Amino acid sequence: MNAAPAGGSWFEGADAPTRRDLDTCIHCGLCLMACPTYRTLKLEPDSPRGRIWLMRGLADGRIAPDVTLVAHLDRCLDCRACESVCPAGVPYGRMLEATRGQLEQRIRRATPVRALAGLVLSAVLPHRERVHAAADLLRLGQRGVLGAWLRGAGGRLLPLWARRGLASTPALLPRAGRSLARVEAALPPGARMVEDADGVTFMPAGEPRGRVALHETCLMEAMFSHTHREAVRLMVIAGLEVVAPRAATCCGALHAHSGRREEARALARRNVRAFSGTFDFVVSHSAGCGSALREFGDLLGGDADAGAFSAKVRDVSEVLAHFGLPPAPHVLSSPRDDAAPLRVAMHDPCHLAHAQRVREAPRRLLRALPGVEFLELPDSDWCCGSAGVYNLTHPGMADAQLAGKLDRIESVTPDVVIASNPGCLLHMQRGARERGSEVRIVHLLDVLGEAYPPPPAAASHT
Ligand code: SF4
Ligand code: SF4
């Protein structure tokens with residue numbers, strides 16, 4: 001840690017949390033029971049109000065960033081549930097990320113999991129080819145003798161965070177199976193795909209009703225390749241021209257959340273340039289990425305191009321609800337009884353509900369599906385505990401949130417739970433598997449896609 005400031009602030013430079021933001025909190029305490037760490041620990045420094053007080057103390061130089069203070073700030077999931085309930089409009093996420101950026105410059109926290117996360121953030125995620133190379137390696141560890149060994153004796157030699165990481169990873173497809181272009185064979189009649197040096201464009205059968213650009217996210221493309229392709233197929237069914245620019249890159253959400261502000265800015269600038277064409281909307285199908293994309297204007301200090309980009313960002317559910325899908329041709333039903341409806345509950349990912357304020361569009365799409373009985377999940381917008389790499393760095397707190405989420409899911413006995421964020425999917429699917437639960441936890445696009453099935457011969461391409 002650097003020397004204490006001479007009577008001044010522990011924050012410095014234009015990237016520090018602003019005094020105006022820090023002073024927004026009026027100490028009312030309405031956020032306390034919305035906060036997962038406060039609900040679990042009942043400690044004021046692990047509440048939003050307490051953490052804001054700690055940030056103010058750092059800003060004023062009244063307290064130092066010692067191990068205890070940093071632990072309280074690190075324990076925050078950055079779920080932003082506090083923002084949804086705060087009557088004063090505290091921009092908590094902005095303050096926390098700016099504070100983490102300041103702390104990143106002042107203290108060193110060298111643990112193996114942090115070192116590996118840092119390597120992945122700076123050397124892998126910004127490079128699509130390396131993301132796929134990492135997925136190839138992970139796939140090797142899922143198959144054959146090596147896979148069997150890692151699931152047995154070998155796995156027991158790994159540290160807990162590595163075991164959890166492996167246990168959360170879904171069965172990965174070979175590289176060709178992850179390609180977005182595979183969706184071409186499953187497009188509706190008359191629709192087509194055009195590929196050139198700038199990217200891939202999907203044209204609907206008739207005159208397009210709009211032109212949108214899809215932000216291809218690292219995890220969705222590599223780990224949820226089928227869902228990733230369903231985004232394109234469903235938007236084409238809605239009559240949209242969909243462009244996937246090749247120059248797009250990682251959104252930088254995990255970099256920003258962990259205080260790596262300059263890396264997050266560099267990625268934001270690359271994305272703003274990549275999406276400089278004329279589009280009605282820039283579409284994200286990952287709640288965490290969509291939230292980061294919407295905040296590029298802030299992150300880049302009010303840059304006009306970044307602000308214009310962010311203003312166009314929408315979640316895929318908003319775009320599908322806005323343009324509308326035709327009536328679904330397939331009636332969904334319970335996996336146990338064809339004559340019974342499919343019981344669908346929805347988990348609201350934090351960065352969709354709290355950060356992007358998107359709650360209604362996915363519900364509207366689900367309620368419109370024939371054969372679906374929509375169930376409201378109790379506390380559907382409570383964090384599941386995934387929170388980027390938090391579930392690896394803070395497994396105890398992450399699993400406490402996960403247990404609460406799975407208990408609530410069991411209380412409404414759904415067939416399917418929607419969780420439209422890759423981090424939530426990985427964490428909740430692992431938790432459900434370990435409980436022996438049979439509930440399917442999937443992205444909204446997966447259930448929508450089942451109601452609009454491709455021709456049987458093309459089904460393997462989705
Ligand atoms: S609800 Fe808002 S104003 Fe009230 S204590 Fe929490 S952060 Fe501060
Ligand atoms: S972001 Fe979430 S965990 Fe952090 S203080 Fe707010 S409610 Fe609590």
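A salt bridge is taken here as a side-chain nitrogen of Lys or Arg within 4 Å of a carboxyl oxygen of Asp or Glu. The views that follow show a predicted model.

**View 1. The salt bridge between R440 and E450.** In this pair the closest N and O atoms are 2.7 Å apart, which falls within the 4 Å limit and therefore counts as a salt bridge. R440 belongs to strand 10 (residues 440–442) and E450 to helix 25 (residues 444–451), so that the contact ties together parts of the chain that are 10 residues apart in sequence. Both ends of the pair are partly exposed, R440 with a relative accessibility of 34% and E450 with one of 30%. Elsewhere in the model, salt bridges that share partners join R19, D23, R56, D60 and R62 into one network, and the structure as a whole holds 40 salt bridges.

View 2. R106 forms a salt bridge with E12, with 3.7 Å between the closest N and O atoms. Because R106 lies in helix 6 (residues 92–106) whereas E12 lies in the segment before helix 1 (19–22), this pair ties together parts that are 94 residues apart in sequence. R106 has a relative accessibility of 12% and so counts as buried, the cut-off for that class being under 20%. The side chain of E104 meets that of R114 in a salt bridge with an N to O distance of 3.8 Å. Here the link runs from E104 in helix 6 to R114 in helix 7 (residues 112–124), across 10 residues of sequence. E104, with a relative accessible area of 23%, is partly exposed, and R114, at 29% relative accessibility, is likewise partly exposed.

**View 3. A nonpolar patch on the surface.** The patch is formed by L137, L140, L146, W149 and L157, which together have about 580 Å² of accessible area. Helix 8 (128–140) and helix 9 (144–151) each supply at least two of the residues in the patch. L157, by contrast, is placed in helix 10 (residues 153–157), and its relative accessible area of 69% makes L157 an exposed residue, since the class begins at over 50%.

View 4. The phi angle of A387 is near 50 degrees, a positive value in a residue other than glycine. A387 lies in the loop that runs between strand 8 (372–375) and helix 22 (390–393), where, at 28% relative accessibility, A387 counts as partly exposed. T413, also a residue other than glycine, has a positive phi near 45 degrees. The loop that holds T413 lies between helix 23 (395–412) and strand 9 (416–418), and T413, with a relative accessibility of 48%, is partly exposed.

Technical notes:
Residues numbered from 1 in each chain as written. Chains lettered and ligands numbered in written order. Predicted model: local features only at pLDDT ≥ 70, side-chain atom pairs only at ≥ 80, totals over all residues. Heavy atoms only, no water. Helix = DSSP H or I, 4+ residues; strand = E, 2+ residues; numbered from the N terminus. Buried < 20%, exposed > 50% of the residue type's maximum accessible area, 1.4 Å probe, protein only. Patch = residues over 30% accessible without salt bridge, like charges linked within 9 Å, V, L, I, M, F, W, Y side chains within 5 Å. Areas by Shrake-Rupley, 256 points an atom, 1.4 Å probe, with all protein chains shown as cover.
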